[in-house]
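Please read it alongside the sequence and the coordinates.

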Amino acid sequence: MITTDQIIDIKKPKLKAEIFNLFRKRFSPRVYSEEEIARKDLDSMIEAARWSPSAMNNQPWFFYIAKSGSVGFKILINSLGNRNYWAKKAPVLILACYIKEDKFGEYGQYDLGQAVFSLVIQARSLGYHSRQMADFNKKQVRNNLKIKNSFFPWVIIAVGKIGDYTKADSTLIEKDNLERKRKENIKIEI
Ligand SMILES: Cc1cc2nc3c(=O)[nH]c(=O)nc-3n(C[C@H](O)[C@H](O)[C@H](O)COP(=O)(O)O)c2cc1C
């Protein structure tokens, strides 16, 4: 049997230099508690995204928040690839779209990524974890949520309190009970 604390422990990054506490504490679990997220906390996550930087200050992003039990939540869950079945336990899914309109140029996906990371770090600061998913049927989501043509569903973010690994299914435990890996060297000095 493995406990949630043991998972949190194994996920601690092996640092080569000191980093900001929230970066150290962030990782993407697959096991969530069904405990609801307070409205004010969701508002803070979206507010953090809103204040992220973007090319020409275009802010080419939009978020759909779907709480467990809602029609929108079911639409998002039904769009997910099989490997993302764990997400149905999360209390909230957030669909993040980038906006592509002529005036916005080519940096929409990049800008959305920054906004999502702001959201994720704000969530972590409030005691939540998250895991982003690109494996979902984007066309199906667009049709079922009637998303306008210039908005592009790009990632679904599962957000919630980390769950109880003593009650999680063995496949998820096997996947999450692994150290996090990173490339050794991502720089040269020039
Ligand atoms: C754009 C993006 C798409 C991702 N898609 C999926 C996905 O469909 N399913 C999944 O389980 N994890 C997905 N992930 C999670 C990554 O696998 C995870 O962030 C990575 O392994 C690093 O782990 P860490 O976030 O715990 O550091 C995605 C992450 C990002 C940023």
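Helix H5, counting 18 residues, reaches 26 Å from its first C-alpha to its last, close to the 26 Å expected at 1.5 Å a residue, where the expected span is 1.5 Å times one less than the number of residues. Helices (H or I, at least four residues) and strands (E, at least two) are DSSP runs numbered from the N terminus. The model is a predicted one, in which local features need pLDDT of at least 70 and side-chain atom pairs count only at pLDDT 80 or more, while totals for chains, interfaces and linings use all residues. Residues are numbered from 1 along each chain as its sequence is written.

Among the buried residues of H5 are Leu 112, Ala 115, Val 116, Leu 119 and Ala 123; a residue is buried if 20 or more other C-beta atoms lie within 10 Å of its own, exposed if 12 or fewer, and partly exposed in between, with C-beta atoms placed from the backbone. An α-helix has 3.6 residues a turn, so residues three or four places apart point the same way. The cover over the buried residues of H5 includes helix H2 (21–25), H3, E1, E2, E3 and E4. Just after H5, Gly 127 adopts a positive phi of about 95°.

| Strand pair | Sense | Bridges |
|---|---|---|
| E2 and E4 | antiparallel | eight bridges |
| E3 and E4 | antiparallel | five bridges |

Val 92 has Val 159 in E4 as its bridge partner, and His 129 stands opposite Gly 160 in E4.

The ligand is surrounded by residues that include Phe 27, Asn 84, Arg 131, Asp 135 and Arg 180, a residue being near a molecule if its C-beta atom, placed from the backbone, lies within 6 Å of it. Strand E3 (residues 129–133) gives the most to this shell, with three residues.

Arg 50, which lies in helix H3, is partly exposed because 13 other C-beta atoms lie within 10 Å. The C-alpha atoms of Arg 50 and Ser 118, 68 residues apart along the chain, are separated by 8.7 Å.

Technical notes:
Two residues are in contact if their C-beta atoms, placed from the backbone, lie within 7 Å. Two strands pair if DSSP finds at least two bridges between them.
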